[in-house]
Amino acid sequence: MKTFELCKKLHELKPDWQTFGSYIIKFKGDEPRIERDNIRRTCHDWAPEYTLEYLLDKLPDAIESKLGLGALTLSSRRGQHRDGWMVFYGDDEGCSVDASLVFAAEAPLDAALKLAIIMAEKGLV
């Protein structure tokens, strides 16, 4: 449900970012569960279905900071004593140019959603 909550938060911040599908979460009746559905019923909570490809297209390819130009970077953290993914704006040596825009998560989509949310809150997208 973490991905669903991140999608919901990003949609609140960027309602103009439209996708073709949506997740709904049934919260009345049986156990809560996430399903795919385009019908927004009163007994369901919903959020757009963002994909990694969609977010990579929406996020800036690069940003300028006091440390220089940083390119959008998606990196596996495997082999660094933990599993997961990291997304950030990095220089040519792979170092972040803005520590406030570095996010890690188990799934690459969750890391990109976290970055998009913070960038939307800061007015950078």
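This briefing covers the helices, the sheet and the cysteines of one structure. The model is predicted: local features need pLDDT of at least 70, side-chain atom pairs count only at pLDDT 80 or more, and totals for chains, interfaces and linings use all residues. Residues are numbered from 1 along each chain as its sequence is written, and side-chain values use heavy atoms, with hydrogens and water left out. An open sheet of 4 strands runs in the order β4-β5-β6-β7. Helix α3 packs on this sheet.

**Helix α1**

- Helix α1 spans residues 2-13, which makes 12 residues. Helices (H or I, at least four residues) and strands (E, at least two) are DSSP runs, numbered from the N terminus.
- From first C-alpha to last, α1 reaches 17 Å, close to the 16 Å expected at 1.5 Å a residue. The expected span is 1.5 Å times one less than the number of residues.
- Which residues of α1 are buried? They are Phe4, Leu6, Cys7, Leu10 and His11. These residues lie on the same side of α1, because they cover an arc of only 165° around the axis.
- Buried means under 20% relative accessible area, exposed over 50%, and partly exposed in between (1.4 Å probe, protein chains only). The arc is that of the directions from the helix axis to the C-beta atoms.
- An α-helix has 3.6 residues a turn, so residues three or four places apart point the same way.

**Cysteines**

- A search of the whole structure finds 0 disulfides. A disulfide here is a pair of cysteine sulfur atoms within 2.5 Å.
- Cysteine 7 is buried, at a relative accessible area of 0%.
- Cysteine 95 is partly exposed, at 41%.

**The sheet**

- Pairing in the sheet is antiparallel. Two strands pair if DSSP finds at least two bridges between them.
- β4 and β7 are the edge strands, and each pairs on one side only. Neighbouring strands are turned by 25° against each other on average, direction ignored.
- Strand β4 (residues 62-65) joins β5 through 4 bridges. The two form a hairpin with 2 residues between them. Serine 65 stands opposite glycine 68 in β5, and alanine 62 has alanine 71 as its bridge partner.
- Strand β5 (residues 68-76) joins strand β6 (residues 85-90) through 6 bridges. Leucine 74 stands opposite valine 87 in β6.
- β6 pairs with strand β7 (residues 103-105) over 3 bridges. Methionine 86 stands opposite alanine 104 in β7.

- Helix α3 (residues 108-121) touches β4, β5, β6 and β7, and its direction makes about 150° with that of β7. Contact means heavy atoms within 4.5 Å. Axes are lines fitted to C-alpha atoms, for helices over the stretch in contact, and angles run from 0 to 180 degrees between N-to-C directions.
- Leucine 52 lies in helix α2 (residues 52-58). Leucine 52 is partly exposed, with a relative accessible area of 23%.
- What does leucine 52 touch? Its contacts are Leu74, Pro108, Leu109 and Ala112, not counting residues up to four places away in sequence.
- Leucine 52 and leucine 109 are 57 residues apart in sequence, and 5.1 Å apart in space, C-alpha to C-alpha.
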